[in-house]
Each structure stands twice: as C-alpha cells, then as structure tokens.
Amino acid sequence: MSAAGAGAPEAAAALRSTLLPLPHPTVVPGDRFRETYYWDSLWVVSGLLASGMAGTAEGLVRNLLHMLEAAGHVPNGGRAYYLNRRWG
C-alpha cells in the first residue's frame, strides 16, 4: 500500500476541485450544481424554515458567515473562481 493509502483517488480529486470547503452541510439549487450560490440562499432558507428544517437553515447561514470570514465577502458561488468576482 502506498503512503497515500486507501482513498487516494478521492483525495487527489479533492485537491483539484474548485469547490470551497464548508463547515456545515449545504443545500444546492437543482440537480445541475454542486455548490452554494448566495443569491439562492434567501429563498432556500425561507423554504427550509417553512418546512420545519431550522437546523439545516442555520447551517446554510453559518456557511455564508464562514465564507464572509474566510474571504472578506460572500462570493457569488461556493467555488474558488468566484473569490475574485464581486460587485462594487
């Protein structure tokens, strides 16, 4: 067995991924995307709260706060290439 051990392909793929790591589970829009988009968050959180899923809504808000603390702003989406794109 190599030093990388089991799971090496998954670890290598994670290193190549542009997906920003988030500390809490998140909700993504539809089937097409794998990342959070801040402009969907209001509607997603509203729906989660209406569905009695306050814990999931809190996790999504905490993820947005995490991105704010880490990047100094909430990027458009949860991908590394959105970190340089901001309004204003």
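1. One cut-off before we start: a residue counts as buried under 20% relative accessible area, as exposed over 50%, and as partly exposed in between. Please also keep in mind that this is a predicted model.

2. Let me begin with the overall layout. The chain has three helices and zero strands, giving the pattern α-α-α when read along the sequence. Of its 88 residues, 25% are buried. Among contacts with a separation of 6 or more, 55% join residues 24 or more positions apart. The chain exposes about 6,300 Å², and carbon and sulfur atoms supply 60% of that area.

3. Next, the pair that makes use of the cut-off above. Glu-58 and Arg-62 form a salt bridge through their side chains, at 2.8 Å from N to O. Both residues belong to helix α3 and sit four residues apart, about one turn of the helix. An α-helix has 3.6 residues a turn, so residues three or four places apart point the same way. Glu-58 has 41% relative accessibility, so it counts as partly exposed. Arg-62, at 43%, counts as partly exposed too.

4. How many salt bridges does a search of the whole structure find? There are two. The other pair to look at is Glu-35 with Arg-79, where the closest N and O atoms are 3.0 Å apart. Glu-35 is in the loop between α1 (8-16) and α2, while Arg-79 is in the segment after α3, so this pair ties together parts that are 44 residues apart in sequence. Glu-35 is buried, with a relative accessible area of 6%. Arg-79 is buried as well, its relative accessible area being 11%.

5. Now for the nonpolar side chains. In soluble globular proteins, such side chains tend to be buried together. In this model the largest nonpolar core has eight residues: Leu-20, Val-44, Val-45, Leu-48, Ala-57, Leu-60, Leu-64 and Met-67. The elements that give two or more residues to this core are α2 (38-50) and α3 (54-71). The most comes from α3, which gives four residues.

6. Leu-64, one of the core residues, is worth a click in your viewer. Beyond its neighbours within four places in sequence, Leu-64 is in contact with Tyr-38, Ser-41 and Val-74.

7. With 18 residues at 1.5 Å a residue, α3 should span 26 Å, and its end C-alpha atoms are 26 Å apart, which agrees. After this helix comes Gly-72, whose phi is positive, near 85 degrees.

8. Which residues of α3 are buried? They are Ala-57, Gly-59, Leu-60, Asn-63, Leu-64 and Met-67. These residues cover an arc of only 160 degrees around the axis, which puts them on the same side of α3. What covers them includes α2. On the other side of α3, Gly-55 and Glu-69 are exposed.

Key. Residues numbered from 1 in each chain as written. Predicted model: local features only at pLDDT ≥ 70, side-chain atom pairs only at ≥ 80, totals over all residues. Heavy atoms only, no water. Core = buried A, V, L, I, M, F, W, Y, C linked by side-chain atoms within 4.5 Å. Buried < 20%, exposed > 50% of the residue type's maximum accessible area, 1.4 Å probe, protein only. Contact = heavy atoms within 4.5 Å. Expected span 1.5 Å × (residues − 1). Arc of directions from axis to C-beta. Areas by Shrake-Rupley, 256 points an atom, 1.4 Å probe, with all protein chains shown as cover. Salt bridge = Lys/Arg side-chain N within 4 Å of Asp/Glu carboxyl O.
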